Amino acid sequence: MGKASAASPRRHPPAAGRTPRSPVPPTRPDITGQTALYGVLGDPVSHSLSPVFWNAGFRALGLDAVYVPFHVPAGRLAEALAGLGALGVRGVNVTLPHKEAAARLCTTLEPPADDLQAVNTIRLGPDGALHGANTDGPAMYRLLTSLWHPVGKGAPLPLAERGYRAALRGGEGGTLPTSSRSVGKGIPAVPPGPVLLLGAGGAARAVLWSLFQAGATVIYWANRTAHRLVCPWSAERTQVRPVPWESQALNEVMVESTLIINATSLGWRAEDRLPVLTAAPGPGQTWLDLVYHPASPLQQAARAAGARVIDGLDLLLGQGAAAFTLLTGHPAPLAAMRRALRRHLAGRSRA
Ligand SMILES: NC(=O)c1ccc[n+]([C@@H]2O[C@H](COP(=O)([O-])OP(=O)(O)OC[C@H]3O[C@@H](n4cnc5c(N)ncnc54)[C@H](OP(=O)(O)O)[C@@H]3O)[C@@H](O)[C@H]2O)c1
């Protein structure tokens, strides 16, 4: 590991004008020059939960490795990626706002990063080559598959545990198509009936891809900024129908849809609402939310109206577990990672 790593056990005096942080973080004498280094590049990145469950995964497997957040401002991604090989970093995750820029900077793109033109995981080759992958889309596909085709009690993402490649090859859930040639030919995994997708950012694109893979027949799609509703895929059995954001039509499809997916940023703040909607999902409907804030007002409203609510935690773990396996070569210890995440979130909501 590089001498100046963020997790170096050596303590430095505070810079002039800064008060030292209290309490002093514990030193990590277990981190040595042999320790394998992984991390996540983002801006902002301090909120990222990935270090919590990645480091729990290393501990559970007894691996000499550490995962740290790297704050990389927009515009400096190319510099940061170019330096990773020289620092001996084995692999990184990439988060907002870098996923699309990372896809342009990688040497190779593994499916489905090529379809999505977005990368959330980069494996460093021995020659410094950057091999980009996307585990968000497959994790969402796995989540949809496990919700409607459960493979066993308490195993919501069974294939993620067996590894990303195994997940891509398929298993209990069938074959997962991974290139644009096979979009829409996966095993139907969504419930019969229309799906309403809210949002058109990077995460929504991965959701849309997975809905094609999962064989959704009708996808209603709404976003505050209408011109972003451009679908790059087509499939015989799937229709995508844009719905205006501030419209009665959105109320109507909200009532009609069996599955509603919130892929907007709404739900992190107490005041967040879907202001144009008078309808709320109810019994017989599922509200699948990418937000994993336990107090999301949107999730609370859906729950109060009788809908089944699934938050974004399984998706977060699913994409993280697949990336863990891809970068370390070890099956992700999902149970230990989930425990660490739940404990961390419980501690945060108590604080
Ligand atoms: N659970 C997980 O593993 C996971 C993974 C990735 C993302 N996420 C979550 O998914 C959400 C979207 O992430 P992203 O990467 O797609 O972000 P993004 O690219 O910035 O997209 C944000 C989306 O939210 C919409 N939006 C933002 N503020 C809004 C408001 N006040 N009213 C209505 N719509 C609003 C945007 O609409 P406009 O186009 O009109 O701006 C856009 O559709 C975030 O909450 C993120 O935390 C979760």
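**Briefing: the ligand shell and some local details**

The ligand here is surrounded by 22 residues, with Ala203, Asn223, Thr225, Arg228 and Trp268 the closest of them. Keep in mind that this is a predicted model.

**Contacts with the ligand**

- Asn223 puts an N or O atom of its side chain 2.7 Å from an oxygen atom of the ligand.
- Trp268 also uses its side chain, with a polar atom 2.8 Å from a ligand oxygen.
- Ala203 works through its backbone instead: an N or O atom there sits 2.8 Å from an oxygen atom of the ligand.
- On its own the ligand has 920 Å² of accessible area, and the protein covers 79% of that.

**Make-up of the shell**

- Helix 8 (202–213) and helix 11 (313–328) are the elements that supply two or more residues each to the shell around the ligand.
- Domain 1 (36–136 + 315–350) and domain 2 (177–311) each give at least three residues to this shell.
- Sorted by class, the shell comes out as 12 nonpolar, eight polar and two charged residues.

**Cysteines**

- There are zero disulfides in the structure.
- Cys106 has a relative accessible area of 11%, so it counts as buried, the cut-off being under 20%.
- Cys231, at 24% relative accessible area, is partly exposed.

- Asn93 belongs to strand 3, which runs over residues 91–94.
- With a relative accessibility of 5%, Asn93 is buried because that value is under 20%.
- The side chain of Asn93 makes a polar contact of 2.7 Å with the side chain of Tyr67.

- As background, most peptide bonds are trans, and most residues other than glycine have a negative phi.
- Asp43 and Pro44 are joined by a cis peptide bond, with omega at about 5°.
- Pro44 falls in the loop that links strand 1 (36–42) and helix 1 (50–61).
- Another cis bond runs from Pro111 to Pro112, where omega is near 0°.
- Pro112 is likewise in a loop, this one between strand 4 (108–109) and helix 4 (113–116).
- Gln117 isn't a glycine, yet its phi is positive, near 50°.
- You'll find Gln117 in the loop between helix 4 and strand 5 (121–124).
- Gln117 is partly exposed, at 39% relative accessibility.

Definitions and conventions:
Residues numbered from 1 in each chain as written. Predicted model: local features only at pLDDT ≥ 70, side-chain atom pairs only at ≥ 80, totals over all residues. Heavy atoms only, no water. Near = heavy atom within 4 Å. Polar contact = N/O pair within 3.5 Å; in protein donor to acceptor, adjacent residues only side chain to side chain. Areas by Shrake-Rupley, 256 points an atom, 1.4 Å probe, with all protein chains shown as cover. Helix = DSSP H or I, 4+ residues; strand = E, 2+ residues; numbered from the N terminus. Nonpolar A, V, L, I, M, F, W, Y, C, P; charged D, E, K, R; others polar. Domains from an automatic or database assignment. Disulfide = S-S within 2.5 Å. Buried < 20%, exposed > 50% of the residue type's maximum accessible area, 1.4 Å probe, protein only.
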